[in-house]
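Please find below a colleague's note on the model under review.

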Amino acid sequence: MKVFDSIWDSMWVFLFGNQITLHTPLRRINDFELQKILKLTKKWCIKNFGLSHNNPKAKIYMTKQIYGQVCYGEYNPDSNVIYIYSNNCEDIKCLIKTFIHEYVHHLQPVKNSYKKLLESHGYKKHPMEIEARNMESYYIDVWEDIKNKL
C-alpha cells in the first residue's frame, strides 16, 4: 500500500503541483493547512448558519478514530466538541462535508431530542441526520469561499 501511495503522491504533484483541491488526499496536507481549512470552514458556517444559542463556541478536535463503528466525525454535546477523524476522511471534500454535518448537529437540540428520535426513526430516517446530510451539500460554497485563502 505504501508503494501505491508513493506513486499516487508523485502523480498528484505532477498533475496538480502543490495546489490544494477538493480531491487532495488528507495525507498530503500538513497539520497547519488542515487546521486552517477547518478554521475557515467554521468561520463560514458561523457566518451562514449562525451560532448555537446554548453552546456558542464549539471546539474542534482532529484526531484518529481508534474504536467503534467507522465514521468521519461526531459532535459531543456534553463537551461541546466536534471531532473530525482524519484517518477516515480521505480528502478535503470529505473533511469539509464532515465538518458541516457535525456543525449542524452543534446547532440542533441533540442533547434533548436525538436519542428519542433515533429510537422512533432509526439512523437513516432520523430528522436531525437528514438535515445534517442535506446541509453537507454546501461544501462547494465553502470551498469557493476558502480556496483562495489557503
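This is a predicted model: local features need pLDDT of at least 70, side-chain atom pairs count only at pLDDT 80 or more; totals for chains, interfaces and linings use all residues.

1. Residues are numbered from 1 along each chain as its sequence is written, and side-chain values use heavy atoms, with hydrogens and water left out.

2. Helices (H or I, at least four residues) and strands (E, at least two) are DSSP runs, numbered from the N terminus.

3. Ile 92 deserves a separate remark. Leaving aside neighbours within four places in sequence, Ile 92 is in contact (heavy atoms within 4.5 Å) with residues including Ile 20, Leu 26, Ile 37 and Trp 143.

4. Lys 42, in helix H2 (residues 31–49), is buried (under 20% relative accessible area; exposed is over 50%, partly exposed in between; 1.4 Å probe, protein chains only) yet has no salt bridge. The nearest side chain of opposite charge, Glu 102, is 14 Å away. The Lys 42 side chain does reach the backbone oxygen of Ala 58 at 2.6 Å. Beyond its neighbours within four places in sequence, Lys 42 is in contact with Ala 58, Ile 60 and Phe 99.

5. Asn 80 sits in the loop between strand S2 (73–76) and strand S3 (81–85). Its phi is near 60°, a positive value in a residue other than glycine. With 10% relative accessibility, Asn 80 counts as buried.

6. The structure holds three salt bridges (a side-chain nitrogen of Lys or Arg within 4 Å of a carboxyl oxygen of Asp or Glu). In one of them, the closest N and O atoms of Asp 78 and Lys 111 are 3.7 Å apart. Because Asp 78 lies in the loop between S2 and S3 and Lys 111 in helix H4, this pair ties together parts that are 33 residues apart in sequence. Asp 78 is exposed at 65% relative accessible area, and Lys 111 is exposed at 55%.

7. Glu 144 pairs with Lys 147 in a salt bridge at 3.2 Å between the closest N and O atoms. Asp 145 forms a salt bridge with Lys 149, with a corresponding distance of 3.6 Å.

Notes
Lys and Arg count as positive and Asp and Glu as negative; His and the chain ends are not counted. A polar contact is a pair of N or O atoms within 3.5 Å; within protein, one must be able to donate a hydrogen and the other to accept it, and residues adjacent in sequence count only if both atoms are side-chain atoms.
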